Amino acid sequence: MKQNGKKSKIVLSVLSSLTAFVVLLFLMFNSGIDVLMTVSGWIVIPVQNACIAVADAVSGFFAGFGDNVAMHNEYDELLAELEKYKAKDQQYDEILQENERLRDIINEGARYSEYQYVVGRVTVSKTSTYIDSYTINRGSTDGIEKDMVVVAQGGLAGRIISVSEHYCVMMSILDSRSAVPAIIERTRDTGVVKGYSTAGQIQSQCTMTYLPFELKSTPGDVVKTSGNDDVFPKGIHIGSVIEITTGNTTLGSTAKILPAVDFEHLEYVLIITGGGEIQDGGN
């Protein structure tokens with residue numbers, strides 16, 4: 001304890017002496033006497049300059065720090081603004097694409113000018129090995145009824161199998177339950193187009209059965225509805241022949257059909273609600 005007391009007294013004594021010395025220097029520097037001012041200036045002026053330099057450095061640091069913070073905030077604001085423009089640009093592109101798809105389906109409707117139809121949008125799709133159906137945002141309030149024919153860009157899509165007040169369900173021609181009376185346009189051979197299913201695979205093709213044993217059709221031939229039933233009108237484009245299996249003594253020939261409709265990207269459809277004959281000039 002005594003040693004600590006002695007150390008404290010020594011420290012206080014030193015500090016007091018330094019303080020007195022500094023005060024004396026400043027008094028000499030400001031005394032107006034040339035000799036005293038010159039002598040004290042050798043010490044005071046460098047100390048003042050050092051203090052000023054330190055003060056400037058500290059001030060510059062905080063000023064620079066403040067500028068960096070401001071620049072960072074401005075950068076964040078500009079980045080946020082850029083993201084807004086990107087989002088608006090993306091929305092604009094989506095609107096353009098949506099308008100293009102609507103224009104395509106409306107242009108498709110020109111092929112069915114003798115018919116009344118309602119434009120619908122696919123909201124839900126259900127695809128599996130044997131089932132291929134689509135929920136459409138049109139229902140009984142829009143005049144939709146069961147067994148109405150549905151076409152899309154390219155040709156026949158399917159028929160309505162159930163109707164609610166504000167939506168309906170379409171069974172596509174890919175569905176294994178589907179059967180459409182059809183005709184090969186070039187050879188005039190008739191048959192039935194059905195959904196073609198392979199275990200473990202999603203349907204993408206149809207098969208045409210009940211064809212003649214000596215089938216003269218070749219890949220690339222166009223297939224359309226024959227109109228030989230009470231559901232599908234005559235002349236709707238179904239697709240094209242891609243493969244033929246010649247019949248034998250017990251079975252007729254069959255043909256694989258590639259649908260004209262792109263079911264993987266099906267968004268808009270036309271539900272035919274009434275009218276006359278379909279124009280037979282489309283592909």
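View 1. Strands E7 and E8 (residues 206–211) are joined by 4 bridges and run antiparallel. Strands (E, at least two residues) are DSSP runs, numbered from the N terminus. Two strands pair if DSSP finds at least two bridges between them. Strands of a sheet pair through backbone hydrogen bonds, either parallel or antiparallel. Residues are numbered from 1 along each chain as its sequence is written. The model is predicted, so local features need pLDDT of at least 70 and side-chain atom pairs count only at pLDDT 80 or more, while totals for chains, interfaces and linings use all residues; side-chain values use heavy atoms, with hydrogens and water left out.

**View 2. E6 and E7 form a hairpin.** These strands pair in the antiparallel sense over 5 bridges. Val180 has Val193 in E7 as its bridge partner. The hairpin has 5 residues between the strands. Arg188 lies in this loop, between E6 (179–184) and E7 (190–195). Its phi is positive, near 65°, in a residue other than glycine. How accessible is Arg188? At 47% relative accessibility, Arg188 counts as partly exposed. Buried means under 20% relative accessible area, exposed over 50%, and partly exposed in between (1.4 Å probe, protein chains only).

**View 3. Asp147 sits in the loop between E2 and E3.** Strand E2 covers 132–136, and strand E3 covers 149–152. Asp147 is a residue other than glycine with a positive phi, near 75°. Asp147 counts as partly exposed because its relative accessibility is 32%.

**View 4. Six strands close into a barrel.** Their order is E1-E2-E5-E4-E3-E12, with antiparallel pairing. Neighbouring strands of this sheet are turned by 45° against each other on average, direction ignored. Axes here are lines fitted to C-alpha atoms, and angles run from 0 to 180 degrees between N-to-C directions. E3 and E12 (residues 268–275) pair over 2 bridges in the antiparallel sense. Val151 stands opposite Leu270 in E12.

**View 5. The largest nonpolar core holds 43 residues.** Which members touch the most others? They are Ile160, Met208, Val223, Leu266 and Ile271. E12 gives the most to this core, with 5 residues. A nonpolar core is a set of buried Ala, Val, Leu, Ile, Met, Phe, Trp, Tyr and Cys residues joined through side-chain atoms within 4.5 Å. Not counting residues up to four places away in sequence, Val223 touches several residues, including Ala182, Val193, Met208, Ile238 and Ile257. Contact means heavy atoms within 4.5 Å.
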